[in-house]
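Subject: the structure you asked for

Hi,

Here is the structure, with the sequence alongside. Have a look first, then read on for what turned up.

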Amino acid sequence: MVFLCIFSDMLRAEVQFSGFATLGGAISDQDFVYQRFIDDGGTLNRDSLLGLQMDLRLADAWGLTFQLKAAPSVHDDNAWEPTLSWAFLSWRPDNDRLLRAGRLRLPLMLYSANSDVGVTFDFARLPTEVYSLLPSKDLDGLAFAQTWLDGAREWTLEGYAGRTQTYWRDFLRVDLPPEFPGGTLYTDVVIDMAGLALSCRAGDNTWRLGLHRGELESSYGQLPSSYLFVPVAPGVGYFKVVNEMPGPPIPTVDRLVIDILTLGAEIALPNDFRLVGEYGRRRIDNAIMGPDTSAGYLALLKRIGRWTPYLYWAGIRTSGEALGLYRAVNRNRLPDAIPGAATVNASQRAAADLMGAHDQSAVALGVSYRLSPTSKLKAEWLHTQTGAVSGFVDAPAAEESGGRQINTFSLSYSLTFR
């Protein structure tokens with residue numbers, strides 16, 4: 001009966017269409033690929049996208065929202081594809097409560113809800129180090145939001161639970177057939193997620209705290225929880241990374257258990273300055289893997305009429321234990337005189353790449369110019385330094401992603417429309 005009533009209301013619903021778009025170009029001073037698309041040949045794929053949204057306002061506080069987005073594919077570096085990024089039914093019984101069901105945006109970071117709408121923030125792009133904590137921003141499930149006032153402060157508690165199907169990207173420097181061909185590798189993963197986020201707004205200031213848990217399953221089946229070292233001579237050996245290699249069984253887990261803590265603040269300072277900072281701790285407690293990381297950024301912005309120049313520092317680093325394992329696996333080599341050494345050595349590099357480890361920092365200097373209330377022009381110079389490794393760098397076969405310095409230049413135009 002409820003669905004019949006909703007369907008009846010849809011026939012006489014108030015419909016509102018809106019959209020957003022960004023046309024962005026980026027180029028670096030390096031001949032290898034950074035952040036999937038950027039190299040010295042330039043690209044429009046890193047930041048460009050187009051979105052269309054339809055909101056249906058139904059009777060009795062019910063609503064439907066659909067958002068279709070065209071952007072680079074999440075599982076193919078050479079293709080664009082449309083995706084249904086939002087599709088949810090909402091119920092707002094009063095101004096302080098909101099319930100939603102369907103495909104939703106995760107309340108992960110300060111700008112997660114509007115991360116595709118470039119007009120709503122001044123950065124040329126949101127810091128990759130922090131906004132890559134999860135491979136997907138959306139999930140299918142249920143969510144609630146409860147708002148209340150405490151004097152001049154407005155508090156909002158958001159909660160959600162659901163599942164997302166997405167892809168985890170790795171780049172392999174070597175070819176290890178049949179399972180692991182060299183180059184870009186996309187692994188189909190399913191993540192069951194649940195979490196809470198508490199926000200406080202007081203005037204132009206916002207604070208945010210989030211606690212999230214995910215359990216990830218891979219299309220490859222069980223996942224290694226670590227790599228075992230198999231000695232073949234004193235001081236010489238290899239890390240067993242596939243079951244076909246001699247040695248004891250590889251320890252595995254059915255699911256990776258991922259806990260995420262997020263902290264964020266946007267603070268208004270005197271003379272039209274703003275301070276924005278976010279931190280994310282992504283912990284994996286049942287495996288030694290590269291995605292066990294800490295990431296954060298701190299930005300200073302100043303509004304000068306229609307101009308908003310900004311400066312930020314950002315960084316991401318895999319946990320010490322996982323980064324140590326990455327170094328050991330990546331550097332390990334059997335002497336060429338040992339039969340099969342070339343294949344084993346290739347497996348070590350491939351296994352290191354599959355860990356998805358990170359160790360990098362970046363400094364950005366940029367500016368946005370507000371052309372109108374619905375459009376912005378942005379420019380940014382980004383200088384990135386990688387330490388031991390960076391999962392955002394597609395390193396050539398005989399080289400390392402670590403020890404790099406990358407200068408990236410970006411220019412973009414963002415707008416919204418109705």
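Salt bridges come first: there are 29 of them, counting any side-chain nitrogen of Lys or Arg within 4 Å of a carboxyl oxygen of Asp or Glu. Bear in mind that this is a predicted model, where local features need pLDDT of at least 70, side-chain atom pairs count only at pLDDT 80 or more, and totals for chains, interfaces and linings use all residues. Residues are numbered from 1 along each chain as its sequence is written, and side-chain values use heavy atoms, with hydrogens and water left out.

One of the salt bridges joins Arg125 to Asp47, at 2.8 Å from N to O. The two partners sit in distant parts of the chain, 78 residues apart: Arg125 is in the loop between strand 6 (97–105) and helix 2 (128–131), and Asp47 is in the loop between strand 2 (33–34) and strand 3 (49–57). Helices (H or I, at least four residues) and strands (E, at least two) are DSSP runs, numbered from the N terminus. Both Arg125 and Asp47 are buried; the cut-offs are under 20% relative accessible area for buried, over 50% for exposed, and partly exposed in between (1.4 Å probe, protein chains only).

Another salt bridge pairs Asp122 with Arg274, at 2.6 Å from N to O. Asp122 comes from the loop between strand 6 and helix 2, while Arg274 belongs to strand 16, 152 residues apart. Asp122 is buried because its relative accessible area is 9%, whereas Arg274, at 23%, is partly exposed.

Then there is Asp285 with Arg213, whose closest N and O atoms are 3.7 Å apart. Elsewhere, Lys69, Arg105, Asp116, Lys137 and Asp138 are linked in a salt-bridge network.

Lys137 turns up again in the lining of the largest cavity, together with residues including Leu106, Met109, Tyr131 and Leu134. That cavity has a volume of about 90 Å³, and the structure holds three cavities of 30 Å³ or more. A cavity here is a set of points on a 1 Å grid over the protein atoms alone where a 1.4 Å probe fits but cannot get out, and lining residues have an atom within 4 Å of a point. The volume is the space filled by probe spheres set on the points, which are joined across faces, edges and corners.

Now for the strands. Strand 16 (residues 273–284) and strand 17 (residues 293–302) are paired antiparallel over ten bridges, with Tyr279 facing Gly296 in strand 17 as its bridge partner. Strand 17 also pairs with strand 18, again antiparallel, over nine bridges; pairing takes at least two DSSP bridges between two strands. Thr293 is opposite Thr318 of strand 18. The hairpin of strand 17 and strand 18 has four residues between the strands, and Gly305 there takes a positive phi near 65°.

Trp313 belongs to a nonpolar surface patch with Ile27, Leu311, Val363, Leu365, Trp381 and Phe409, about 640 Å² of accessible area together. Strand 18 (307–318) and strand 19 (358–372) are the elements giving two or more residues to the patch. Patch members have over 30% relative accessible area and no salt bridge, with nonpolar side chains (Val, Leu, Ile, Met, Phe, Trp, Tyr) joined within 5 Å; areas come from the Shrake-Rupley method with a 1.4 Å probe, and for residues only the protein chains shown count as cover.

Cheers

Note on methods. Patches are made of residues with over 30% relative accessible area and no salt bridge: like charges are joined within 9 Å, nonpolar side chains (Val, Leu, Ile, Met, Phe, Trp, Tyr) within 5 Å. On a 1 Å grid over the protein atoms alone, a cavity is a set of points where a 1.4 Å probe fits but cannot get out, and a pocket is an open set with protein on both sides within 12 Å along at least five of seven lines; lining residues have an atom within 4 Å of a point.
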